[in-house]
Amino acid sequence: MEKFETITALVAPMDRANIDTDAIIPKQFLKSIKRTGFGQNLFDEWRYLDHGEPGMDSSQRKINPAFVLNLPRYQGVQILLARANFGCGSSREHAPWSLQDYGFRVIIAPSFADIFFNNCYKIGLLPIVLDAAILDYLFEEVKSTEGYRLTVDLQNQKVISPKREEFTFEIDIFRKQCLLNGLDDIGLTLQHAEKINQFEQKRRNEQPWLFM
Amino acid sequence: MQTLYDKLWNQHLVHTESDDPGSMALIYIDRHLVHEVTSPQAFESLKLAGRKPWRLNSILAVADHNVPTTDRSQGIQDPISRLQVDTLDQNCDELGITEFKMNDLRQGIVHVIGPEQGATLPGMTVVCGDSHTSTHGAFGCLAFGIGTSEVEHVLATQCLLMKKSKTMRISVEGNLGLGITAKDIALAIIGEIGTAGGTGYAIEFTGSAIRALSMEGRMTLCNMAIEAGARAGMVAVDDTTIDYIKGRPFAPKNELWGSAIAFWRTLRSDADAVFDRTVTLDATQIKPQVTWGTSPEMVTTIDGIVPDPARVSDEVKRHDMQQALNYMGLSANTPIQQINLDKIFIGSCTNSRIEDLRAAAQIVKGKHIAANIKLALVVPGSGLVKKQAEQEGLDQIFRSAGFEWREPGCSMCLAMNDDRLIAGERCASTSNRNFEGRQGPGGRTHLVSPAMAAAAAIAGHFVDVRKLSNE
């Protein structure tokens, strides 16, 4: 996993609550057996005017000029502002993969769906929870200021605005260390292999029917 | 004084960095269900890292999302779908993982076959790369959906790194009215607490109405816990649970059966257990539910009307409602019973079990689908459900009524195979999500119970199933 350091980047607003994983990456693209290449189909049904299927050349498709991420001012965006319950729905990791592949490094919302939230950390995409009132303010700022950029300082757990306003966010210490150091979860867990073996052996003795 | 969730958590706790309840813990996984959509990248990474699955007999695999529900003798026509299913077959064959292949009678939707085979047992942790894994909590399990990185993590380590959830008790007391099902309870709960109401919680469903539900009903309810935002939903073990499991292929037998049930009976919250949040519903007040929007919380009752965004003061919410009405092609204040339908879907991991098919068949018996219904599908949850239904003659009832009787799979719940809505088509569906495009781009989904879907098929529009039951 790539290390997460401080970034300063362009911000785009997705002003809608309960954005679900079917909207983030529609099901037809889940047929891929690869982990990459999903960015071109991020928000496919909103982003294009025609219907997308796997294998289509997205540069030949009709884009929806009104969709926020298609506006010229948001090209090169890396930080997404979103509303409550972002990422609700399925467990598809294709949703964070597509956001990351598109170029996003950070999603800021007042709340996230649990599985989506968890999946983001696994790939080094940082989901940040800030109060709804702060989000309201940031939505206003980004809409009224072309080229609006935020700084995300993970080490100090701060989102910093161009006016030097600082918004502190919470993050689990373990997850923070994994992101800062680009650590692989599986490698870390396998350091406890002996303990897992012992646990398993005990369980096998107590509930042998679980091991048949 | 522990909740059922506390007990399950503690029984699977391998390691924790500190005693702080908010710290990351290593949780042991007993059962890992695998399907074709969320596993190929996990198997690939596992292989690239030179790792092998930790415990093969914890894994049960099946292809369900991409499989055709029509004639399977020619295999899968769509080359991309076929590659994904072939990839699962290859991975399972190479590694020695038990898999029910497409033409196996035991094949079906992963959340139907786990319990059907007795592969889901009380006290287990059950995971799958699928959010509706919450279904298995009906058996007094800790069951939840995971992403592909976590699928790989479980394959490699038999564990997951996670934080303990908060606990919510949803108590439903009293007797359900005639024609009211677990699906109506689930939608009524989501209407009450919202699709994010359960975020961060594990839900335990309790109360006399829950105890009175069959295992099929409990699975429907736990299945929809994720639509309330909760990764896990669960029901305590009782005689209904134990009777369901007895004699199933993967269930303990002979002398182990006695010790297993003695342990399983401890899988309930202690009388004085404290929950972080408690919600109470009166079962006698629950009416047949119908969703009108593009989120399961956008739900009302069969005697209700499409709500008016103008009456909502919150700006974001009003905007979302208006967008939902635009997408759904509905006007505010339209009576639900005046909504006409194009297609009917009876199936999915929510409602494709034998009890669901019986309830729908009872409604359509001796009748015929309305002229405006272009397609009415029944997709059994597994090959074994299909066989059972055929033994009971349900397939004939459905066929005579104008329904198509299909092969098992996820089908039009998410339309990854050829079963889908065309833009603008309106469907009464027994599935779990009414998101935009879920059943096909531009398709409009109304979530209902199997009996309500069946009744809508006959009438051509939504009708109150309670009135039919009285006839």
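**Exercise 1. A helix crossing in chain B**

In this predicted model, determine the handedness with which α12(B) passes α15(B), and then characterise the packing of the two helices.

*Solution.* Step 1: α12(B) passes α15(B) in a right-handed crossing.

Step 1: For the geometry, helix α12 (residues 354-364) and helix α15 (residues 450-459), both of chain B, pack at an angle of about 30°, and their axes lie 8 Å apart. Because angles under 35 degrees count as roughly parallel, α12(B) is classed as roughly parallel to α15(B).

Step 2: On the side of α12(B), the contact is made by B:D356, B:A360, B:I363 and B:V364, while α15(B) contributes B:P450, B:A451, B:A454, B:A455 and B:I458.

**Exercise 2. An open sheet in chain B**

Work out the strand order of the open sheet of 5 strands in chain B, identify its edge strands, and locate the bridge partner of B:V34 in β4(B).

*Solution.* Step 1: The strands of this open sheet in chain B follow the order β5-β4-β3-β6-β7, and their pairing is parallel.

Step 1: The edges are formed by β5 (98-100) and β7 (142-145) of chain B, each of which pairs on one side only. Neighbouring strands of the sheet are turned against each other by 20° on average, direction ignored.

Step 2: Within chain B, strand β3 (residues 31-34) pairs with strand β4 (residues 59-62) in the parallel sense over 3 bridges. The partner of B:V34 in β4(B) is B:A61.

Conventions. Residues numbered from 1 in each chain as written. Chains lettered and ligands numbered in written order. Predicted model: local features only at pLDDT ≥ 70, side-chain atom pairs only at ≥ 80, totals over all residues. Heavy atoms only, no water. Pairing = 2+ DSSP bridges. Helix = DSSP H or I, 4+ residues; strand = E, 2+ residues; numbered from the N terminus. Axes fitted to C-alpha atoms, helices over the stretch in contact; angles between N-to-C directions. Parallel < 35°, antiparallel > 145°, perpendicular 65-115°, else oblique. Left-handed = near helix turned anticlockwise from the far one by under 90°. Contact = heavy atoms within 4.5 Å.
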